[in-house]
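Here is a short briefing on one structure. Look over the sequence and the fold first, then read on.

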Amino acid sequence: MTHPFPFSAIVGQSEMKQAMVLTAIDPSIGGVLVFGDRGTGKSTSVRALAALLPEIDVVAGCPCNSATPAAVPDWAEGVGTEIVSKPTPVIDLPLGATEDRVVGALDIERALTRGEKAFEPGLLARANRGYLYIDEVNLLEDHIVDLLLDVAVSGENVIEREGLSIRHPARFVLVGSGNPEEGELRPQLLDRFGLSVEVASPNNIDDRIEVIRRRDAYEMDYDAFMAHWQGEDASLRKRILEARKILRAIETPDATLRDCAELCVALGADGLRGELTLLKAARAVAAYSGAETVGREHLRTIAASALRHRLRRDPLDEAGSTTRVARVVDSVLA
Amino acid sequence: MDPVERWAQAATAAALLAIDPEGLGGLWLRARSGPARDRLLAGLRGLLTAPRRMPPGIADAQLFGGVDLAATLSAGQLVRAPGLLGSGPVALIAPMAERMTPGLAARLAQTLDASQGHCLIALDEGAEPDERLAASLADRLALHIDLDGLALADCPPPAFDAEEIARARTYLPHVRLGPDAHAALTVAALRLGIDSLRAPLLAARAARALAALDGRDTADEDDLVTATELVLAPRATRFPEEDTDEAEPPQDAPEPPPETDAAPEDELDETDPPQRLPEEILLQAAKAVLPPDLLARLAAAKAPKTAKSGAGAGAAKKGNRRGRPLPSRPGRIDGQSRIDLVATLRAAAPWQTIRRKLTPDAPQKVLVRSEDIRLRRFEEKSDRLLIFAVDASGSAALARLAEAKGAVELMLAEAYARRDHVALIAFRGTGADLLLPPTRSLVQTKRRLAALPGGGGTPLAAGLRASLDLAALSKGRGLSPTIALLTDGRANIALDGTANRPAAAEDARAMARALRAQATPSIVIDMGNRPQAQLRDLAGDLAAPYIPMPRADSQRLSTAVTAALDS
């Protein structure tokens, strides 16, 4: 079996990689949206992320990856108490997936053969405690978007259909990618992503050549290539785990809180979600860099990713939201 | 390039695809159905391992796998069918690829990315430049071939046989690229204006397949050249820079600098070819293949092409024939509604044990009663299209134009939630232009609006006619068009383009009546400093609300339009 292209072997795209690493450190930051042109490695990095993430402990056989036997939902039958570790789930939500497949539905097989009313879990159950990846998220059909929004807010999937009345936890990090030329994303969904990143092809020729070279090596000299880069991935994974450990101990000075608030007010970002995400992401940055307190340099690193998609859209501003954030960051954190 | 060469190139492309279907992703074959295409396809089918034709409008379950209902019913237990792509590597032949929905294109693209050995042969029969394969797929298919205009006489049967291909396949894993090949391909791609990094990668794969075809274990310069012709040249968005702008000044002024630059290079060319930069060679190759009218073609193709992708999300919901699915509900089979088979089975499923006990002798595997029948329901709600017909004449003044632009962008910013699409027609001088085809993409809009020109006469009738045409077209696509006419009302250019005020007014009224006959709702916004009686009459002809709005800003315009539409 071939592994996906290693995360650490992705050339450049540091903002995208940073955003993904941060959600691995603190999943409650809440998802990454990657928007950009074709052929910039959006999908590659998500698939690479799956291989990078540390394993999680789950009850063996639990359809929604419960951590303890007590947390296993009662409709799941035949689940023991044995705890095993397995890779963090990264579940693909394909465009055109039916509602049934996403939320789960009556198990037709058992209903037909044994006349039993049993529940067949869907993608949301499998994504619990992991990642849900939607490629071309802006092309997702509206009724699926509505479902996702509801579940993403509540962290719980409630199924009321065909005589079933079932609920199970569904906490996942949403990762979406798309090409803005194909259409816009509904603001409600946009807001659900913690961080957003805009990717473009590298315009530096050497970087471009390096991309081609590595990709080619991955395809042609698979073993040697993986041997080298999986080592890099492993040390990155170690850093993520260390950052997770110290995350809670990181101090948040009042001055930083004030900075967050001032940034959001100056930008006119809607709601408090922006502020909270900004703070959490900055804290994760601090943990990743081994700092003990969250400071301005951390805010500066992450402000654009955390805020640019929360600005009230001003169609008349040609500069674009990234520039607006940068401008405000410069003046507020001067 | 002459027809014979083009055909030879197409045949080579077919052979390469047969050698490395997974690595090359596939072939974008742009041609109307005809003998040349048939011959190429027939040859290709003979070389591929598992060619499978995908009928247009295929259901997802058939393509990607799903529940096999017929088998499920007869077996009495759930039977899953693997789908066309589910059972081993397949060369998928997709006819009418230009009509593929963006959703399907996206899913096929994902399938190709997953590298399960599939490849796609997209048969694009687009007649117009704007009917073409989705860009997301085109980007992933290495080989782009256009057979347009080839006669059968130009097309001898392809020369590759299955044995050669099989031999090349065994060679392929051992083929390496030279040390500079990656750099050369990357730089060549960049200088041809190709942004996607997939292109040079695919070109590298093609070069490797070419070497394998020749039975060599290193791809040499010729392979790179051919790969460039096949993969990079069709994607070029510009001539390599040196060829257009920078080559000309030296001709005007053949002074020292160009001489010192050019002379040694020429010498090298003659005496010592291997020392030339490889990418220069590649660019030469690409240039030789690029059609001389590339730029003109791009200019012609660009607008509609981006328009298509701009309409992407909208086109996916084409006609809303499906609409948002609602839960199916119990009902009777009346020959009109569609039965939701799965839901029907689900409804019947829990009762099977009981019913079996009641009627032990029933021959059916599944006991379905009429009360189990579930009918499909869709929420039919057509997307609205707001057509802004904006007066860009000199009298309407540039400032008003800016406000109209702003209003369009504001409407668009709200468009997603309201399910609206927006289009913009500007009329000025002697005619009307569709500046922004129906779209919901802000990115597209900004790009188009920035370039909106102003000045000249007021061809009101032409503007109305363009709106009428667009409205009719969009109705055909299942949108409900509404026209918002923004003008100061002094029509002074007739439909035939002449400056004749009475004729212009008459033409405008005639077009207005035509619009009214089509029952397209519209509103008229008078942007003039003083309200125009003439325009009020025109609004009467249109049966449209008339809103005089002197000194309106974008926000007020947008609010007024929204209010008029919702009332």
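The points below cover a sheet in chain B, then helices and a strand in chain A.

This is a predicted model, in which local features need pLDDT of at least 70, side-chain atom pairs count only at pLDDT 80 or more, and totals for chains, interfaces and linings use all residues. Residues are numbered from 1 along each chain as its sequence is written, chains are lettered from A and ligands numbered from 1 in the order in which they are written, and side-chain values use heavy atoms, without hydrogens and water.

**The sheet in chain B**

- Six strands of chain B form an open sheet with mixed pairing, in the order β14-β13-β12-β15-β16-β17. Strands (E, at least two residues) and helices (H or I, at least four) are DSSP runs, numbered from the N terminus. Two strands pair if DSSP finds at least two bridges between them.
- β14 (431-439) and β17 (546-548) of chain B are the edge strands, each with a single partner, so one side of each has no neighbour in the sheet. From one strand to the next, the twist averages 15°.
- Strands β12 (residues 384-391) and β13 (residues 420-428) of chain B run parallel, joined by eight bridges. B:L385 is opposite B:H421 of β13(B).
- Helix α22 (residues 442-450) of chain B lies across β13 and β14 of chain B, at about 165° to β14(B). Angles run from 0 to 180 degrees between N-to-C directions, with axes fitted to C-alpha atoms, for helices over the stretch in contact. Contact means heavy atoms within 4.5 Å.
- Helix α25 (residues 533-542) of chain B lies across β15 (480-487), β16 (522-526) and β17 of chain B, at about 175° to β16(B).

**Helices in chain A**

- The buried residues of helix α11 (residues 273-288) of chain A include A:G274, A:T277 and A:L278. Buried means under 20% relative accessible area, exposed over 50%, partly exposed in between (1.4 Å probe, protein chains only).
- The buried residues of α11(A) pack against α1 (14-25), β11 (195-199), α9 (222-247), α10 (254-267) and α12 (296-307) of chain A.
- After α11(A) comes A:G290, with a positive phi near 75°.

**A strand in chain A**

- In strand β7 (residues 130-134) of chain A, five of the five residues are buried, so the rest of the structure largely encloses it.
- Three bridges link β7(A) to strand β4 (residues 90-92) of chain A, in parallel. A:D92 is opposite A:Y133 of β7(A).
- β7(A) also pairs in the parallel sense with strand β10 (residues 172-178) of chain A, over five bridges. There, A:V175 is the bridge partner of A:Y133.

How values were computed. Expected span 1.5 Å × (residues − 1).
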